[in-house]
Amino acid sequence: MRMGFMPSGYFGKMLMVDLSKERIDEMEVDDDLYKQYLGGYGLGVRLLLDIIPKGAKPLGADNVLGLLPGLLTGFGAPFSGRFMAVGKSPLTNGWGDSNAGGYFGPEIRKCGYDGLFFKGESKDPVYLAVTSEKPEIFGADRIWGKDCVETEDEMNRIHGKGVRTASVGPAGEKVSLISGIVTDRGRVAARSGLGAVMGSKRLKAVVLKGSKKPTVFSPKDFYDVSKKYNQGFNKPGAVAKGFLGLSSYAAGLIRRLGLPSNADASVVKNAFQIYGTTIGNTLSAEIGDSPVKNWKGVGYRDFPLKKSKRISGQKMLEYVKKPYGCSACPLRCGALMDVPKKGLTGVHRPEYETSASFGTLLLNDDVESLIQLSDICNRSGLDTISAGMTVAFAMECYEKGILDQKEVGFPLEWGNARGIVSLLELMVKREGVGDILADGVKVASTKLGKNSHRYAVHASGQELPMHDSRLWESLAFTYAYDPTPGRHTAASIDFSEMGPIKDYLEGAPFIKGQRDDLCVKAKNQKVVTGIHQAMSSAGLCLFSMNVGRYPMLELVNSCTGWNMTVDELLDTGWRIQALRHMFSVREGINPLEGKIHPRALGKPPLKRGPTAGVTIDLEKMKDAFCQELGYDSKTGLVSEEEAERLGIENILKQMTS
Ligand code: SF4
């Protein structure tokens, strides 16, 4: 940092904790890097390219785990409560990042840091507490073995009510490759297997309580813009509630008529406020969005409306006790629930991804079991997408006779809710068949053999999420070739166009044209990639993209005083994406040679249903997208010209020399 310079919008320093040496240092960060990479995983990938040595073992002492708030996190800008976990992924051996809401991200800022990094590994379980001026490492014997909710309770008891805790549960402690990092009793940085990285370091928890705040460059502008934006979020009235309550009944009709694109922002706002993402539970099963029966089934036949209505957002409302929202969120899509019959009180409402991965995917229409399964994952730290997909893999192996009742310990036919709960519990404990399954489908199929890899649905090691690429074609590109493969939260133009994406960032150069024209698609995929990376690294929730224009530039500029233009913001996004690629390539993984399960490409095509006959020509799409994005698919890197344009030519040279 420049001498005597007081930055606005960030502190300019990180905390580096060496768990092997039990040493804590502050690390200064160049001002230029904030403007070039914002915060969150953007800044994370730039720093970790230097900090993590090439060839580091993902579960070894050399890997470094980072927890970083987005650039706007901690200032109260709408939708800005996210933090990101970063490091080398043990699932894919390439770049890993993951994202969560709640209240932990803003607390990192309140403690006076723009990020926390952990290197080395501790001999014994420990946790880090930053609750006073001096960060300290404590022994974690008393919380090791506890689940994430119990850990939060214990940290509140020891360090005072109101501390914010991120922890790994039993799954992370046992280094499950499909485990994440849990905050706020169930907001989870779930993907990329970074819970296993934290567990391998024997870092049980990070506990924060602070009261600092970096300077905002122009507070009046910043808070006026935030206030004006938030005024667009009124509580939904009775008419909206009644209308949206019919959505699951209309699902069959929508399947026949087709899904409208560019959904109206006010409808989306009301839907999310009432139902959260579970608004999609029934509709997605009908229209071919939810994968069914381990990606081989058809929603309206295998999991017909009478079943999918039993897990609808409307049905879930019966268990809701009160709404929940992440820090600074005007939408508040979450809710806390009670299920007395299962002994569950105040648990988070399952997201759509969780409802689909333990519901539609497995033909399970027992709504209470979905809430229970979600809670087991939140407490143990398992990623619900990967866990549901792994259960689907096991069910198909059971169907095909690769696993039998003796090996599993109970019946495991499709739709058996009790069997699903029992299997998940075994995976958490790594007991019996659960030990085979605890690291996800790729590892499980290697252990099981018997050609079970045919039923292991993943992209380069990471299980696929609950949006079918046969319905949203460009998701296949994203799933196969993003540096963190198998992510629905990475950029896909087809998927983004479900909402009013073209209104989101004023001045974004989307082009008009036929949506299925590959040339149009490639150009707009590039724009959406830039927006996505900038939006995430600014710390904004993905759902901000579904509700109309967001004043990202005004907020970034009034917070930092940068005067950034739309073009510069998009360049920032493309720069971040280029570095995510570079990290993986340096580790010997070319993301653009990623492998994806053929079912996700319609190989063979489904015979019935909304995506009947669809087969995706992934190579053709890759050629068109790479040309537009400026990537060489043979190396997985951006071209020299693009690197020069983005100001990262020196990093590229280091990679290629
Ligand atoms: S929309 Fe939902 S997930 Fe996103 S910040 Fe708000 S409450 Fe959290």
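Student: In which loop is Ala 328 found?
Tutor: This is a predicted model, in which local features need pLDDT of at least 70 and side-chain atom pairs pLDDT 80 or more, while totals for chains, interfaces and linings use all residues. Residues are numbered from 1 along each chain as its sequence is written, and side-chain values use heavy atoms, without hydrogens and water. With helices (H or I, at least four residues) and strands (E, at least two) taken as DSSP runs numbered from the N terminus, Ala 328 is found in the loop between β13 (320-324) and β14 (334-339).

Student: What is phi of Ala 328?
Tutor: Ala 328 is a residue other than glycine, yet its phi is positive. The value for Ala 328 is near 60°.

Student: Which residue does a cis peptide bond join to Lys 603?
Tutor: The bond has an omega of about 0°.

Student: How do α7 and α26 run relative to each other?
Tutor: The axes of α7 (residues 219-230) and α26 (residues 552-560) come within 8 Å and cross at roughly 155°. Axes are lines fitted to C-alpha atoms over the stretch in contact, with angles from 0 to 180 degrees between N-to-C directions. Angles under 35 degrees count as roughly parallel, over 145 as roughly antiparallel, 65 to 115 as roughly perpendicular and the rest as oblique. The relation of α7 to α26 is therefore roughly antiparallel.

Student: How is α25 set against α28, roughly perpendicular or oblique?
Tutor: Helix α25 (residues 518-537) packs on helix α28 (residues 618-629) with the axes 9 Å apart and at an angle of about 55°. That angle makes the setting of α25 against α28 oblique.

Student: How many charged residues does the contact of α25 with α28 have?
Tutor: From α25 come Leu 518, Lys 521, Ala 522, Lys 523, Gln 525, Lys 526 and Thr 529. They meet Lys 620, Met 621, Ala 624, Phe 625, Glu 628 and Leu 629 of α28. Beside six nonpolar and two polar residues, the number of charged residues in this contact is five.

Student: At roughly what angle do the axes of α2 and α25 cross?
Tutor: Helix α2 (residues 40-51) and α25 have axes that come within 5 Å. The two helices are roughly perpendicular to each other. Their crossing angle is roughly 90°.

Student: Which residues of α25 make the contact with α2?
Tutor: The contact of α2 with α25 has one nonpolar, six polar and no charged residues. Helix α2 contributes Gly 40, Tyr 41 and Gly 42. From α25, the residues are His 532, Gln 533, Ser 536 and Ser 537.

Notes. Contact = heavy atoms within 4.5 Å. Nonpolar A, V, L, I, M, F, W, Y, C, P; charged D, E, K, R; others polar.
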